[in-house]
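Look at the sequence and the fold side by side.

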Amino acid sequence: MPFAIAARFLMDTYQGADSAGVSETYPSAERLYKALVATAYGVFGFHAGQTDNESALTDDQINDALHWLESNPPDAIRLPYRIRRNVSSAIVFRKRGSVMKQSEKYETKSNKAAQFTAYVDGEQGELIWQWEHGPESSDTRATLAALAYEVPYLGEACSPVRLTVLSKPSDFPEGYPFDKDHTWTRVDADSMFTSTRPVQEFQAPDEGHLAELQAGYAAAYPKKLSDSSKKPPQWGTERIPMPNTLTVRTRYIAYAEPESDEPANRIVHPWNLGFFIPALMVGDDASQSDGVVDDWTPQPSSLVAWCVALHRLLVRTWGYGASPMLTGRYAMKSVERPANNVAIQVLTARERELVDESLRDQLPGFLLMLPHDMPQDEVNALADVCASLQGQRLYYGSGQGTLQLGQADTTVDVDAVWRPVQPGCRRLWVPYPMCVSETRPIPDPDGSHGKWTAAQGVALAIAHVWRDVIAGQLPDRRHEELKSSVRRNWQYWDQAECVLNGQNRVRVYGAHGTYRSQMSDYVHKTQPNTLITGLSAQIAFDEAWNVERTALAIGQSRHMGGGLLLPVDVPDQLFDEKGNLLWMR
């Protein structure tokens with residue numbers, strides 16, 4: 001019979017940290033276990049030696065229930081839908097780990113700003129630990145239910161919770177697991193590294209953990225000393241370490257993301273989550289706290305430079321261990337890099353009428369687009385970094401002004417950045433300020449393709465963004481005897497033709513080259529002696545792509561302020577029956 005413990009956070013927020021002081025996005029099974037142990041002692045008089053136990057829970061019953069949790073980590077976890085992860089102005093005070101011998105008082109210090117995670121209200125905000133096979137003893141089930149009912153909070157005291165045990169068939173109307181579309185299932189250590197689904201690890205108690213906690217408590221809080229030894233020796237202000245209360249009887253269990261029921265040929269969006277950091281232009285005098293000059297409307301030639309400046313600030317703030325999807329640097333060259341990294345784009349008053357109402361009032365600022373395959377722990381860490389930038393100032397060059405960054409919004413839906421399509425119109429896309437070509441004009445590898453044009457350049461830029469989507473559609477040339485340069489040319493032509501052949505229902509209208517006096521302003525890095533080429537076109541994606549309101553970018557500088565696709569709604573009567581633009585025929 002399935003068994004589950006559901007946690008409903010009464011304030012829809014969770015604030016807690018693991019044993020190392022690292023803030024948690026979700027409470028772990030270890031957190032649940034410690035809460036139940038504390039309740040057993042505080043509410044039910046566990047091991048208090050009471051003969052008339054009015055709680056109706058004996059020490060043996062509690063022991064059996066806690067030992068069952070040690071031996072049976074959850075088989076699945078239904079995670080709540082997370083709204084945001086923020087940093088408040090409150091300060092968390094933690095034990096330093098030493099005691100002043102003279103005063104016998106634990107020394108505290110301020111650690112860092114308190115971090116909390118907000119969940120949606122209602123059933124979607126519940127976290128549920130699930131077991132495919134619950135305790136065989138009904139007595140153990142009842143004991144766990146009684147313990148869970150008395151738990152006041154998980155994590156910090158500001159995270160009140162209501163724990164409920166699910167153990168009846170009616171609690172699982174669809175069987176095990178409960179709400180399988182949002183439930184992460186346990187995977188073994190061997191398949192953890194081969195799983196194609198994202199994996200998260202959670203700490204869980206191991207056998208012998210209760211005895212370990214009891215020993216740690218006894219060491220930290222020894223019995224009262226006799227009168228002759230109450231007064232501690234006067235050894236000055238020297239610090240001595242606290243008793244060792246570290247626990248080792250825990251383990252980390254990996255859980256894989258729920259499998260999707262969507263078709264295998266579903267077109268995955270390159271970026272699926274967004275952060276927005278508002279920015280205002282302020283006076284050059286750093287002493288001016290309210291010296292706002294006006295709305296920030298940077299020139300197109302400075303977009304890349306501003307995004308590079310923010311990128312450097314993000315990497316510097318993150319510090320050691322920054323995600324390679326942010327830095328763009330990957331340690332193992334043998335591992336294929338993902339198609340897309342974190343992209344930074346600028347949205348200003350020029351785009352105010354184009355964006356959705358939910359984002360309109362936050363402009364101007366920076367939109368960070370996170371790749372769909374970015375690990376969740378790295379997403380959480382980047383959210384913390386963005387939140388910590390509030391109030392900081394940003395500049396990239398003399399005479400270019402200074403920006404003051406605002407509070408980051410970590411809940412932007414990348415698929416709803418732009419306003420809905422106007423009635424009676426079809427949506428086209430134009431790269432702004434331009435799409436920087438991914439490569440030089442590619443020679444015809446066999447003489448049958450003709451000249452490489454701007455249309456092939458735009459198509460190749462699209463193919464690089466959706467590389468994982470079109471990979472299975474490319475011809476297999478592994479067995480052809482080709483020189484490396486010719487093989488590379490074939491690869492570029494195959495990718496471009498895959499976009500233009502109509503199979504993927506992408507249309508590129510009016511592709512042409514575009515140039516500026518200082519083309520180097522529109523790229524961050526490029527190969528030496530490479531001619532920088534700008535491209536532009538009107539691009540149409542079929543409805544199957546489902547990108548009518550999605551934030552997208554193409555081209556060599558798509559990760560740093562270039563190639564942002566802006567929506568252009570064209571009336572239906574300007575298209576012919578084949579979908580071609582009338583003025584392009």
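A salt bridge is a side-chain nitrogen of Lys or Arg within 4 Å of a carboxyl oxygen of Asp or Glu. The structure holds ten of them. The model is predicted, so local features need pLDDT of at least 70 and side-chain atom pairs count only at pLDDT 80 or more, while totals for chains, interfaces and linings use all residues. Residues are numbered from 1 along each chain as its sequence is written, and side-chain values use heavy atoms, with hydrogens and water left out.

**Salt bridges**

Where do aspartate 206 and arginine 251 lie? Aspartate 206 is in the loop between β9 (199-205) and α5 (209-220), and arginine 251 is in strand β11 (residues 250-256), so the pair ties together parts that are 45 residues apart in sequence. Helices (H or I, at least four residues) and strands (E, at least two) are DSSP runs, numbered from the N terminus.

Now take exposure. Buried means under 20% relative accessible area, exposed means over 50%, and partly exposed is in between (1.4 Å probe, protein chains only). Aspartate 206 is partly exposed at 25%. Arginine 251 is partly exposed too, at 22%.

Is aspartate 356 buried or exposed? Aspartate 356 counts as buried, because its relative accessibility is 15%. Arginine 549, at 24%, counts as partly exposed.

**Two packed helices**

Two packed helices are described by the angle between their axes and the distance between the axes. Helix α6 (residues 303-318) and helix α9 (residues 376-388) pack at about 110°, with axes 10 Å apart. That makes α6 roughly perpendicular to α9, a label for angles of 65 to 115 degrees. Contact means heavy atoms within 4.5 Å. Leu314, Thr317 and Trp318 in α6 meet residues in α9, including Ala381, Leu382 and Val385.

**A buried threonine**

Threonine 439 is in the loop between β19 (435-436) and α10 (454-465). Threonine 439 counts as buried, at 16% relative accessibility. Which residues does threonine 439 contact, leaving aside neighbours within four places in sequence? They are Leu460 and Tyr492.

**Backbone details**

Most residues other than glycine have a negative phi, and most peptide bonds are trans. A cis peptide bond joins leucine 363 and proline 364, with omega about 0°. The bond from tyrosine 432 to proline 433 is also cis, with omega near -5°. Proline 433 lies in the loop between β18 (425-432) and β19.

Aspartate 179 has a positive phi, near 50°. This residue lies in the loop between β7 (161-166) and β8 (183-187). Asparagine 546 has a positive phi of about 55° although it is not a glycine. Asparagine 546 is in the loop between β21 and β22.

Technical notes. Axes are lines fitted to C-alpha atoms, for helices over the stretch in contact, and angles run from 0 to 180 degrees between N-to-C directions. Angles under 35 degrees count as roughly parallel, over 145 as roughly antiparallel, 65 to 115 as roughly perpendicular and the rest as oblique.
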